[in-house]
Amino acid sequence: QYSPDCVPGADGELDPTEITLPGCPCRSRSCSAPQCPCLRRGQSYSGLGLLLPEPEQQQQQQQQQEQQQRFSRPVFECNSLCRCGAGCPSRLVQRGLRRGLQVFRTPRKGWGVRALEPIPRGGFVCEYAGEVLGFAEARRRTQAQTAQDTNYIIAVREHLHDGRVLETFVDPTRVGNVGRFLNHSCEPNLFMVPVRVDSMVPKLALFAATDISAGEELCYDYSGRSHNLPGPSREHKPVEEENGLRKPCYCGSRSCASFLPWDSSLFSTP
């Protein structure tokens, strides 16, 4: 079943449509960061996407963040309770898909998605929409899969400065959008950002990590590395029995890790 937005999961634990965040009192058509309480919560947009530093600056910032243990700023959009108009530039991901995309059959990776038009670096592409699940239901569904099944369940963990970890599980297996057909790449042209609109349940938004040409396949790094910069450090090597459960990666990039990213927490017993 196609759905442009996330829906509550069958377990009924979370409702992504619930409005829990307060709106801004801005009466102008375009909210600005210093005055708007929504934009003061985190990072704001530039045009139709995120303003990204140049690759060299980005690598330097990433190294500084690792050294100083800094955290990236979250993204909050104006919401249903805000007084600003529908044309406010802070309303981007909530407007949904605006790019020309095509689902196509790849030679080795099954279905994939490609761009039908150029997409500038930092531009919003689409949301990864599906059922929003609690951890118990996400684990139950994951463990019920066979080795032949395609896994669409994504686990996103946000690490807060105070040590808390916010978890979001989205499953587009039965209900979802075009995002479910995006393939993994170890050198991707998309990256995922949790964007909050009406509640603390985020929309998993995908943005262009580089300028994308028409006809180019769209891929992101399932492991969620920050802005997915290629580097020598790879994910931890799983134990041998876990390798038997992992699926091979066919991205074909120079830094390919040979296997798709692995999250053993959904396979572990309570």
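## A friendly note on this predicted model

1. Let's start with helix 3 (residues 135–143), where E137, A138, R139, R141 and T142 are buried. "Buried" means under 20% relative accessible area, while "exposed" means over 50% and "partly exposed" lies in between, using a 1.4 Å probe and protein chains only. Helices (H or I, at least four residues) and strands (E, at least two) are DSSP runs, numbered from the N terminus. The buried residues of helix 3 pack against strand 6 (131–133) and strand 8 (165–171), where contact means heavy atoms within 4.5 Å.

2. A word on the model itself. It is predicted: local features need pLDDT of at least 70 and side-chain atom pairs count only at pLDDT 80 or more, while totals for chains, interfaces and linings use all residues. Residues are numbered from 1 along each chain as its sequence is written, and side-chain values use heavy atoms, with hydrogens and water left out.

3. Next, look at strand 10 (residues 190–196). Six of its seven residues are buried, so strand 10 is largely enclosed by the rest of the structure. Which strands pair with it? Strand 2 (residues 75–76) pairs with strand 10 in the parallel sense over two bridges, and F76 stands opposite R196. Strand 11 (residues 203–208) pairs with strand 10 in the antiparallel sense over six bridges, and here L190 stands opposite A208. Strands 10 and 11 form a hairpin, with six residues between them. For two strands to count as paired, DSSP must find at least two bridges between them.

4. Now for the nonpolar interior. A nonpolar core is a set of buried Ala, Val, Leu, Ile, Met, Phe, Trp, Tyr and Cys residues joined through side-chain atoms within 4.5 Å. The largest one here has 24 residues, and Y128, L182, L190 and L218 have the most contacts inside it. Strand 4 (111–115), strand 5, strand 7 (154–159) and strand 11 each supply at least two residues of this core. Strand 11 gives the largest share, three residues. Take L182 as an example: leaving aside residues up to four places away in sequence, L182 touches V113, C126, L190, L206, L218, Y220 and Y222. Another core, of 13 residues, lies apart from the largest one and includes L52, V93, F124 and A209.

5. Rings of Phe, Tyr and Trp (its six-membered ring) pair if their centres lie within 6.5 Å; planes under 30 degrees apart count as stacked, over 60 as edge-to-face and the rest as tilted. The whole structure holds six aromatic pairs. In one of them, Y128 and Y220 have ring centres 6.5 Å apart and planes at 65 degrees, so this pair is edge-to-face. Y128 lies in the loop between strand 5 (124–127) and strand 6, and Y220 lies in strand 12 (residues 219–220), so the pair ties together parts that are 92 residues apart in sequence. Y128 is buried, at 4% relative accessibility, and Y220 is buried with a relative accessible area of 4%. Y220 also pairs with Y222: their ring centres are 5.0 Å apart and their planes at 55 degrees, so that pair is tilted. Y222 itself counts as partly exposed, at 33%. Elsewhere, ring pairs link Y45, F124, F191 and F207 into a cluster.

6. What sits over the ring of F181? The charged end of R180 does, 4.9 Å from the ring centre. R180 also lies over the face of Y152, at 4.1 Å from the ring centre. A charge sits over a ring if NZ of Lys or CZ of Arg is within 6 Å of the ring centre and within 35 degrees of the ring normal.

7. How many disulfides does a search of the whole structure find? It finds zero; a disulfide is a pair of cysteine sulfur atoms within 2.5 Å. C82 is in no disulfide, and its nearest cysteine sulfur, that of C38, is 3.5 Å away. The sulfur of C249 is 3.6 Å from the closest cysteine sulfur, in C251, which is too far for a bond. C82 is buried, with a relative accessible area of 10%, and C249 is buried at 9%.

8. Finally, a loop residue. S46 lies between helix 1 (37–40) and helix 2 (55–68), and S46 is partly exposed, with a relative accessible area of 40%. S46 and G122 are 76 residues apart in sequence and 8.8 Å apart in space, C-alpha to C-alpha.
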